Amino acid sequence: MTYEEITDFLFTSLPLYHKSGSAAYKPGLQNIEALDALCHNPHNRYLTVHVAGSNGKGSVSHTLASVLQSSGYKTGLYTSPHLKDFRERIRVDGEMIPEEKVIDFTRRLMDSCKNFSPSFFEWTTEMAFSHFADAGVDIAVIETGLGGRLDSTNIITPVLSVITNISLEHTALLGDTLEKIAFEKAGIIKPCVPVVIGESDGAVREVFANRAKELNSPISFADSEKILYSSERTGNGTWKLNTVLFGEIEYGLGGAYQLKNAVTVLDAIEVLKNIGIRIDRRSVADGFRNVVSNTGLRGRWEQVCDNPRTICDTGHNPGGITYVADQLRREKYNNLHIVFGMVNDKDTDGVLSLLPRNARYYFTQPAIPRALPADKIRETGISHGLHGGSYTSVADAYRAACSGYRPGDMIYVGGSTFVVADLLNAFF
């Protein structure tokens, strides 16, 4: 089988969440445990860091991996979803898993798995675990998919667990309150393993504190620690951070919300150092500055074009869009054009209520079955004072925004990871 045939099998034959929604979600660890046993439990052959959360877990995972890579460790990185290439999900020192490795893994296990039919995410999780073992990584940063407690990645026992924050998301699967969602995310906390919480307050903080106490797990709340003296934007849109423990460093990711992610990562690094992971100041500075080139991270307040000035971001729930809306208010432009689409299981009203009204909207839909139809999101947008046209593809919506663009304007593209993916695949 060719690589194209293998990926066609993965995307069409296995239950895939971004196509089927909750029908592809298989809570529980039985399938991944069976698949892992077939592969001789490869995740036990290297250290891991486990990262969960509602927003920011991708940026945190990539930045941690970049710092570990800069520290001289051979570093695995498993994240989801991908934007342009399936192989983005599985990287070693920034290099995507080779096509032949995808082929070999899939061909080897296709017949053995027919009795328990793993999902797409279970399959790719085990592919990552196996590839990291074959590559001889020292440590791997593993990002959860949905939730944490019943997530396929949760068969690992990491040296550190990180939970970035909690926002209402996937409520049909994870619970309809912040406390219920926090309980699911807290499922990655392991006995006696330290955990870093990026942002939390009130009842959510109590959920994490109680779980850590039950398991005798040292817990650190990054937003309560003194980690930064100051921060300021640089001329190229990145951040200059004056840190308490690592001096001045530049963070290669733009967007105001990355400050919170930076604090989470810095706290996590200090915990890793305290348990014996060798990380020095220079490695922290290099890892933060070069996170994009080291790991291939894309779509986080990324300026993909100068003329027309185009920025995209993968924020897709009220928590993430709150930061995006704040960033949009900080930017300088004459007119703002927003290309926006969502999938049908998100809080559409909650998201659209946060967006600026002083913009021209190009409502659209990503090319996946779960996409919210452009006409539907436009209708909801109008009820929130957001006005513009509807377009059945991201490419058409972006072309329309470009047609209306004038020097000094700005185009923002977002609302869903899949909207950003469609933009990058079509134009960048």
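Predicted model: local features only at pLDDT ≥ 70, side-chain atom pairs only at ≥ 80, totals over all residues.
Trainee: Where is P81 placed?
Mentor: P81 sits in the loop between β2 (75-78) and β3 (90-92). Side-chain values use heavy atoms, with hydrogens and water left out.

Trainee: Is the peptide bond from S80 to P81 cis or trans?
Mentor: The S80 to P81 bond is cis, and its omega is near -10°. The bond from N307 to P308 is also cis, with omega near 5°. P308 belongs to the loop between β12 and β13.

Trainee: And what is phi of C192 near?
Mentor: For C192, phi is near 65°, which is positive in a residue other than glycine. C192 lies in the loop between α8 (178-185) and β7 (195-197). N216 also has a positive phi, near 55°, and is not a glycine. The loop that holds N216 runs between α9 (202-214) and β8 (219-221).

Trainee: Is N216 buried or exposed?
Mentor: N216 is exposed, at a relative accessible area of 56%. With a 1.4 Å probe and protein chains only, buried means under 20% relative accessible area, exposed means over 50%, and partly exposed is in between.

Trainee: Changing topic, how much space lies in the largest pocket?
Mentor: The largest pocket holds about 370 Å³. Pockets and cavities are found on a 1 Å grid over the protein atoms alone: a cavity is a set of points where a 1.4 Å probe fits but cannot get out, a pocket is an open set with protein on both sides within 12 Å along at least five of seven lines, and lining residues have an atom within 4 Å of a point. Grid points are joined across faces, edges and corners, and a volume is the space filled by probe spheres set on the points.

Trainee: Which residues lie nearest the centre of that pocket?
Mentor: Of the 24 residues lining the largest pocket, R233, N236, G237, G254 and W301 lie nearest its centre. The elements that give two or more residues to this lining are β12 (302-306), β13 (309-312) and α13 (318-330). The lining of the largest pocket divides into 5 nonpolar, 11 polar and 8 charged residues. Nonpolar covers Ala, Val, Leu, Ile, Met, Phe, Trp, Tyr, Cys and Pro; charged covers Asp, Glu, Lys and Arg; the others, Gly among them, are polar.

Trainee: How many cavities of 30 Å³ or more does a search of the whole structure find?
Mentor: The search finds 2 such cavities. The second largest cavity contains about 40 Å³ of space. Its lining consists of A65, Q69, T75, L77, R91, D93, G94, N294 and T295. Two or more of the lining residues come from each of α4 (57-70), β2 and α12 (291-295). By class, the second largest cavity has 2 nonpolar, 5 polar and 2 charged lining residues.

Trainee: At what angle do α16 and α17 pack?
Mentor: Helix α16 (394-404) packs against helix α17 (417-427) at about 75°, with the axes 9 Å apart. That angle makes α16 roughly perpendicular to α17. Axes are lines fitted to C-alpha atoms, for helices over the stretch in contact, and angles between N-to-C directions run from 0 to 180 degrees. Under 35 degrees counts as roughly parallel, over 145 as roughly antiparallel, 65 to 115 as roughly perpendicular and the rest as oblique.

Trainee: Which residues make the contact?
Mentor: Helix α16 contributes V394, A395, Y398 and R399, and α17 contributes V419, D422, L423, A426 and F427. Contact means heavy atoms within 4.5 Å. By class, this contact has 7 nonpolar, no polar and 2 charged residues.

Trainee: Last one: is H50 buried or exposed?
Mentor: H50 is buried, at 0% relative accessible area. H50 belongs to strand β1 (47-52). Beyond residues up to four places away in sequence, H50 touches several others, including I142, T144, I188 and K190.

Key: Residues numbered from 1 in each chain as written. Helix = DSSP H or I, 4+ residues; strand = E, 2+ residues; numbered from the N terminus.
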